[in-house]
Amino acid sequence: MKKIVILGAGTGGTIMANKLRKALDREEWEITIVDKHKTHYYQPGFLFIPFGIYKKQDVIKSKADFIPSGVKLIFNEIDKIEPENNKVILEGGQILNYDFLIIATGTHVSPEDTPGLKEELWHKEIFDFYTIEGALALREFFETWQGGRLVMNIAELPFKCPVAPLEFVFLADEYFTKAGIRNKVDITYVTPLPGAFTKPKATKMLGELLKEKNITVIPDFYLESVDNKEKKIKSYDGKEIPFDVLTIVPVNKGDDAIERSGMGDDLNYIPTDKQTLRSEKYENIFVLGDASNIPTSKAGSVVHFASDVVFDNLMCSIKGRRMRAHFDGHANCYIETGFGKGSIIDFNYETEPLAGNYPLPGIGPFGLLQNTKMNHYGKVIFRWIYWHILLKGKELPVESEMSMAGKKK
Amino acid sequence: MAQKTYAGVTLEVTEDGYLVDSTKWNEEIAKEIAKEEGIELTDKHFAVLKYIRENQAGLTIRKVGKSGIVDIKGFYDLFPGGPLKLSSKIAGINKPTSCV
């Protein structure tokens, strides 16, 4: 019996388990998937929790419900990977041997990496919304907040879902407007980037939207520490910004097991060939999604598109053939902009987000780099698509490879 | 593409002032670019520039801070404001791209 081991039963791992079980003979291939958590979180939904739009039950389901029969599911911590010996050691000493390994262990927030961040104000006046605990604590805080200085800060690049903090401030603008206290809430967006976003056209569009909504942007701010007593964030070059409530994207890192295995870079991301999605070092290891160091967004859409490439290349490798699929870095992000509207950006390694229609050229129904109600409905409907189609590895009417059709240069 | 003359050599530069061909770079050119940015280069600066030229792929402020040559604070002291952008420009390499 030959063996495939998948590490991580998040978006990427779950999609791969579904695709592979369908494609490979059960008599010939054993598939095992490992995760330390039993709950599958719909992470794009975390953003809506602080504003009371989603509740906890809207974003959680059991991981086991999405793993097909015929795939062995193990809930345990990964101690380490021994790629030279083709084995994974789990906590407690259980050993999983493999012929092929798929690493989809994702990325997580690490507030411990910033001095002062996870201290007395943590989840009292300083919040992340990348964990269910942070999002729920912030919900409770916002419900009765009287207003003041709200600072949204990004600690380090890269981070998961690069548009989320922008969406957060847009939704905060709407929330406090509807609560009748927007005039008492000062919203500041503090980023290490030179502007609202990385790519020029999207930065321009989003920058204008921020201005329209009276949200101040402070660019080029690289967070060194948080002062809990004075309630200030401090940058390496001595800039200080005071806050009454700080919402933060802490430093993002790959899984600790990657560090223990000595397979990651300085942020525990695995050096991965950006086209084949195979480990740069090991021919029988593929890296899917946020766990890799490929230069594109850390986002579910990327994982979804990349899973087609990993699947194709793994099938080629199994048959001893040359890998033929190439990932183009395709990412597609809905951006909630508040008041029932949204925008969409679609881009890859080479092409920045451009205006146009998606997914059907000239028709849409979604407008790229435009602020429309239809785009917002897309995001609302997406939660259903995620649970019912995407995780199960079924076909969606969008292409893995980015298309220039419908885009304006 | 614009042209600029540094240390008696006419070089092609991007619209942001980054050298197009990093192989044409030398220490004299670096000194003149640095002067335009209001920086007087010391041995410490050159040690950082050497590291940056040798580790161009996937360069981040964090990585430079872990290089053993300079910590992040020191990097900001040497190249105030935007240390990665400034040092890349003075080191004659491409403008750093942050991908998110």
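**Exercise 1. Residues with positive phi**

Task: In this predicted model, where does A:N268 lie, and is A:N268 buried or exposed?

Solution. 
Step 1. Locate the residue. A:N268 sits in the loop between α6 (256-260) and β20 (285-287) of chain A.
Step 2. Look at the backbone. The phi of A:N268 is positive, about 65°, although A:N268 is not a glycine.
Step 3. Decide on burial. The cut-off for buried is under 20% relative accessible area. A:N268 has a relative accessible area of 4%, so A:N268 is buried.

Task: What is the phi of A:L369, and is A:L369 buried or exposed?

Solution. 
Step 1. A:L369 belongs to the loop between β24 and α8 (373-390) of chain A.
Step 2. The phi of A:L369 is near 55°, a positive value in a residue other than glycine.
Step 3. The relative accessible area of A:L369 is 12%, so A:L369 is buried.

**Exercise 2. The five-stranded sheet**

Task: What is the order of the strands in the open sheet of five strands, and which are the edge strands?

Solution. 
Step 1. Recall the general rule. Strands of a sheet pair through backbone hydrogen bonds, either parallel or antiparallel.
Step 2. Write down the order. It is β11-β18-β12-β13-β14 in chain A, with parallel pairing.
Step 3. Find the edges. β11 and β14 (216-218) of chain A each pair on one side only.
Step 4. Check the pairs. Strand β11 (residues 126-127) of chain A pairs with β18(A) over two bridges, and A:I126 has A:L246 as its bridge partner. Strand β12 (residues 148-154) of chain A pairs with β18(A) over five bridges, where A:I154 stands opposite A:V249. β12(A) is joined to strand β13 (residues 185-190) of chain A by six bridges, and A:M152 stands opposite A:Y189.

Task: How many of the residues of β18 (residues 245-249) of chain A are buried?

Solution. 
Step 1. Count them. Five of the five residues in β18(A) are buried.
Step 2. Sort them by face. A:V245, A:T247 and A:V249 are on one side, and A:L246 and A:I248 are on the other. Both faces of the strand are covered.

**Exercise 3. Two helix pairs**

Task: At what angle do α1(A) and α7(A) pack, and which residues meet?

Solution. 
Step 1. Helix α1 (residues 11-23) and helix α7 (residues 300-318) of chain A pack at about 40°, with their axes 10 Å apart. That angle makes α1(A) oblique to α7(A).
Step 2. The crossing of α1(A) and α7(A) is right-handed.
Step 3. Among the residues that meet are A:I15, A:M16 and A:K19 in α1(A) and A:S307, A:D308 and A:F311 in α7(A). The contact of α1(A) with α7(A) has nine nonpolar, four polar and two charged residues.

Task: At what angle do α4(A) and α5(A) pack, and which residues make the contact?

Solution. 
Step 1. α4(A) and helix α5 (residues 200-212) of chain A pack at about 25°, with their axes 11 Å apart. α4(A) and α5(A) are therefore roughly parallel.
Step 2. The crossing of α4(A) and α5(A) is left-handed.
Step 3. A:L166, A:V169 and A:F170 of α4(A) make the contact with A:L206, A:L209 and A:L210 of α5(A). By class, this contact has six nonpolar, no polar and no charged residues.

Note on methods:
Residues are numbered from 1 along each chain as its sequence is written. Chains are lettered from A and ligands numbered from 1 in the order in which they are written. This is a predicted model: local features need pLDDT of at least 70, side-chain atom pairs count only at pLDDT 80 or more; totals for chains, interfaces and linings use all residues. Side-chain values use heavy atoms; hydrogens and water are left out. Axes are lines fitted to C-alpha atoms, for helices over the stretch in contact, and angles run from 0 to 180 degrees between N-to-C directions. Helices (H or I, at least four residues) and strands (E, at least two) are DSSP runs, numbered from the N terminus. Angles under 35 degrees count as roughly parallel, over 145 as roughly antiparallel, 65 to 115 as roughly perpendicular and the rest as oblique. A crossing is left-handed if the near helix is turned anticlockwise from the far one by less than a right angle, and right-handed if clockwise. Contact means heavy atoms within 4.5 Å. Ala, Val, Leu, Ile, Met, Phe, Trp, Tyr, Cys and Pro count as nonpolar, Asp, Glu, Lys and Arg as charged, and the others, Gly among them, as polar. Buried means under 20% relative accessible area, exposed over 50%, partly exposed in between (1.4 Å probe, protein chains only). Two strands pair if DSSP finds at least two bridges between them.
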